[in-house]
Structure formats: structure tokens, C-alpha cells
Amino acid sequence: MQRLSSKEFKNEFVSAFDGDDSGILTPRQTPGQLYCKAKPTPVAQPALLAWSEDLAKDLGILYPADQQDIDVLGGNYVSESMYPYAACYAGHQFGNWAGQLGDGRAITLGEWEVTDGKVYEFQLKGAGLTPYSRRADGRAVLRSSVREYLMSEAMHYLGIPTTRALSLVSTGEPVLRDMFYNGNAAYEPGAVVLRVAPSFLRFGNFEILNSRKETNNLRKLTEWTITRYYPHIKGENKVLLWFKEVVDRTAKLMVEWMRVGFVHGVMNTDNMSILGLTIDYGPYSFVDDYNPDFTPNTTDLPGKRYAFGKQPSIAFWNLGCLAGAILPLVNEQKDELVAVLESFKTTYWQNYYAMMGKKLGLDQVTEQDIELIKHVEKTLAAIKPDMTIFYQLLIELPLQVEDTQEVVKHFEQSFYQELTEEESNSLFILIKAYLQRLNRNTIKRKDSQDLMRATNPRFILRNYLLHQAIEQLEKGDEKLFNELQSAIRSPYSNKFDMFFAKRPEWASEKAGCSMLSCSS
Ligand code: AMP
Ligand code: MG
């Protein structure tokens, strides 16, 4: 176990690539550079609000018992071995080319090597201005930092690839935010999250190099990414093979999001991890009432580009941008590149149906079962029950049902409004078809239920819970925040059934509970 402030950090990214070492923070374009040196701007009073014990243990980090360690987490202390930098990237935002973006308020401190040889990037979010801050302040508010801290850890415990969060620190400094971009700016408490991932590289890090026609840098970054993060990929065709793996990982990530009802909210290409991780937690949400057309992001209206059900096709579109960016590296093999991109669909659907089979407790998924899965989706979209509660109730479904009334009663806890006669009938028809299929299962009922329990979360970190926890935390009451920190660690158990409830009526239209803005 080692202390944050005294451990020897590595700096392999900055050693490998050209960057701007000036340390000047003035906003600017940085052609030819993959990063800029950017020291965190100290804050008034860094205080530790949360610490991820499990992650710290895995990484061999001692609890930050003294102020110097807490100062690292707040950006007030940069040790000798750290080289703080902001990475340069570009992106397509809401379908449009946005040019250079870069880490505007994220600063990588260095790379932490664990005894098993694995290396992790340590990055502060909200640590102050960088050359990529554009017109913004480089800071983050407590509200959005709590959301990133809790949700990235929640996704980890759900078993979904994600960046992690080690700590949450309050800064003692107010931050001005216009939460709904409606001219009502107000001060909110500031915070800094230290997040951890093998790499925070995004599709946008590759897009910027292609857009600037820096083919040598592009080749070097691609080779570096493959050697470091995909070391099993070798040989002449390695760029194509690597792209295939990025496609597969991204497709599988989308399947995982669909499994638990996660909506990212801002799937711009600068928010797409090259490692297939969930990254950059902003105006995300779980779906409460099942609705493929639901977007939690007010900035995403009215087009709803990033709605729940559109995420897989947006991921495919984003991979198309990445393919375009790496085209100069495979120029003789454009058709092959397109074929790899197209393979997203097969990978996605194969994994999606396999996942749905598990959600439903099926022993296998045949062509006929795919029809049943579509039937489930159609019925849920029509009835809009609470997705999480519906699947939990499905686990306990009696193997024989008498009539419509019995079925409606069984699922009652999941409904946001009373079902019409037509809706009740369609639910009954679905359940009849499902039970017929269950009767053909070659696995025992108990094994089928175990499979469902392992696939369907019982606790999800709903936005209204986060909203309440943040409100209380801002008043100095940590109770709910602490409870949520525990609950996220056991999402498949019934240990936290005090949270096993639909989104309450008051939260359905309330800002911060159903819809959020990008302002953070
Ligand atoms: P996002 O939508 O959060 O992924 O952010 C898009 C871009 O805006 C990224 O380059 C961010 O670093 C930058 N950005 C967002 N918020 C801030 C902020 N408060 N200060 C500086 N840059 C920001
Ligand atoms: Mg981002």
C-alpha cells in the first residue's frame, strides 16, 4: 500500500508524444500537440467527502489520512513525479463536427502502476482551467461530481465496463452555473472527482489527428494504443484487427446499457472510450418507465438523438467517425474497414438476443425466441411499466396464470398508471406466450430464476435518489449519500429493498429527476 502523495507516478503518455510543455493555460488551438501541460489550480479548502475503499485496495492506495494526500485529490498538491496534462481531442457533437475540444476541466496527474504491472491513469475532473477550457471555467459542481462519482462506481458493480472514481472532494469554493441555460445562474458548491481508468483516450483523440492531417501522429497513437491496451494484436493487419475489437467492445457495451436501462445522454464521439468503457457521466439516467424514446438530456430535445433505444445505432454512427479517422492508416483496405464497421450489427444483435434470453431466464435463444423478445419489447413500450421492477416481478411469476386480472395484479407494482383493457389483454397474451416458452426450458425453474437474478438488477441508482442525496449533502446531511454508496455495491441483491420502488409522482416532471442539462 502506498500514499498518493509519495508514490512514484509514471508518465508514459507524455513521454511518448509531442505536447505543449509551456504550462500556459490560455485557450488556444494546439496543432501538432497531443496534450498540454496544465497544472491544477488550487482550491480554497479541499475536504474528503467520499473514498472508494474497494478500488483503493485494488490499486494499493492508502486512505488519505493527512492533508497532503487530500491536497492531491483536490489538485492542491502535485508531487515531483506527476506531470499534469490536458489531452487534446476533437469530436462530433449531436451529429456535427465540433473541431478541437480537449480536456477542458480534466487533468491527468500521471499513471499509477499496480504491483501486478497494470497501469492506470489518474485524472482530476474539475481541477481548473486548461488550454482546452474554451470559454468555461474548468470547474465542476458538487451536483455533477456526486453524479459521476456514484454512477461510475454503480456501473462497475453492475458489471459494466466503465471508468472508476476513487474520491470525491469538496473544494470550499462556489461555482457559478446556469443549470437550465435560462438566464438563472446561481452559485453551487464546487467539487473534484479523481477518476481512474487504464486510459481516457476517446474516439476524438484519433479524430483530431486525422482532421489536422497529422498522419504520423495518428499512426503513432494507434500503434501505441494497440501495443499498450491491445497487446495480443500483432501483424500486418493489426489496425483492422484492432478496429474490429473496438467495434466489438462498443457493441457489447451497448448491450450492457440496454440490459440495465442506462441512458448516457451525450454520446458525442468525444465521450466514446477507445477501450469500450462507459465514460463522462453527465445528464445520464436509468429508464424508469420503459420508453425507448426517452432522453434525459434537455440539450437533446427535440431530436432525441441520444434516446435510450437509439444508443446502439448512435454507437455505430460514432464508430463510423472513428473509421473515417483511421482511414489513412488502412488506405489500401477501405472495403475491409467498412466490412469491419458493418460487423457491429451482427455482434450487437447476437449479444443483444443472448442477453435478452438471460433477462427472460431462457436456456437458449432460437429464431422463435427472437419473436418472443420482440413481443416483450413491444408490449413494454406500449404499457411503459417500470423496467427494473417489471423484470424483478417476472422472476417471481407463477408458472400457471388463470386470467388477465391475475397477471395485471402480479405486475401492478410496476405500473405508472392503470392499464386500459387493451393494455391488460396484451400483457396477458404476452405472459401466456412467455409461460409456454418457459415450459419448454430444459433448465430447472430455479436455475432459470437464478439466471434472471444475475442479469436483472434490483437496485438501480435512479435520478430522483441522486437528486435527494445531493440536496441533502448540500445541506451537510450525508445519510442518503452514504446509503446509496452502499446500495450501489449490491445491485442484484434484495439487501436494499428500501429503494425498491418506482420513481415517485413528484419526481416525474421535476428538474434534475427526470430531465437534466449538460450544465455541470
Ligand atoms: P462534455 O459535454 O461534458 O463531454 O464536454 C464537452 C467539452 O466541453 C469537453 O472538452 C469538456 O472538457 C468541456 N467542458 C465541459 N464543461 C467544462 C467546464 N466547466 N470548463 C471547461 N471545459 C468544460
Ligand atoms: Mg466529455
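Visitor: How do the axes of helix H7 (residues 238-260) and helix H9 (residues 334-359) lie in this predicted model?

Guide: The two axes come within 8 Å and cross at roughly 30°.

Visitor: Why are H7 and H9 called roughly parallel?

Guide: Angles under 35 degrees count as roughly parallel. The crossing angle of H7 and H9 is roughly 30°, and the two helices are therefore roughly parallel to each other. The crossing itself is right-handed.

Visitor: Which residues of H7 meet H9?

Guide: On the H7 side they include Leu-240, Phe-243, Val-247, Ala-251, Met-254, Val-255 and Met-258. Their counterparts in H9 include Leu-337, Val-340, Leu-341, Phe-344, Tyr-348, Tyr-352 and Met-355. By class, this contact has 14 nonpolar, 4 polar and 6 charged residues.

Visitor: Which residues form the contact of H5 with H8?

Guide: Phe-203, Phe-206, Glu-207 and Asn-210 in H5 meet Asn-318, Leu-319, Cys-321, Leu-322, Gly-324 and Ala-325 in H8. Sorted by class, the contact holds 6 nonpolar, 3 polar and 1 charged residues.

Visitor: How do you know whether Asp-288 is buried or exposed?

Guide: Buried means under 20% relative accessible area. Asp-288 has 7%, so this residue is buried. Asp-288 lies in the loop between strand E12 (285-286) and H8.

Visitor: What joins the side chains of Asp-288 and Arg-462?

Guide: They are joined by a polar contact of 2.7 Å, and such a contact requires a pair of N or O atoms within 3.5 Å. Leaving aside residues up to four places away in sequence, Asp-288 touches Pro-385, Asp-386, Met-387, Tyr-416, Arg-462 and Arg-503.

Visitor: Why is Pro-198 called partly exposed?

Guide: Buried means under 20% and exposed over 50%, with partly exposed in between. The relative accessible area of Pro-198 is 28%, so Pro-198 is partly exposed. Pro-198 is placed in the loop between strand E10 (186-197) and H5.

Visitor: What separates the C-alpha atoms of Pro-198 and Glu-121?

Guide: The separation is 5.7 Å, for residues 77 apart along the chain. Glu-121 is also among the residues that Pro-198 touches, together with Val-119, Tyr-120, Tyr-229, Leu-275 and Leu-277, residues up to four places away in sequence not being counted.

Technical notes
Residues numbered from 1 in each chain as written. Chains lettered and ligands numbered in written order. Predicted model: local features only at pLDDT ≥ 70, side-chain atom pairs only at ≥ 80, totals over all residues. Heavy atoms only, no water. Contact = heavy atoms within 4.5 Å. Helix = DSSP H or I, 4+ residues; strand = E, 2+ residues; numbered from the N terminus. Nonpolar A, V, L, I, M, F, W, Y, C, P; charged D, E, K, R; others polar. Buried < 20%, exposed > 50% of the residue type's maximum accessible area, 1.4 Å probe, protein only. Polar contact = N/O pair within 3.5 Å; in protein donor to acceptor, adjacent residues only side chain to side chain. Axes fitted to C-alpha atoms, helices over the stretch in contact; angles between N-to-C directions. Parallel < 35°, antiparallel > 145°, perpendicular 65-115°, else oblique. Left-handed = near helix turned anticlockwise from the far one by under 90°.
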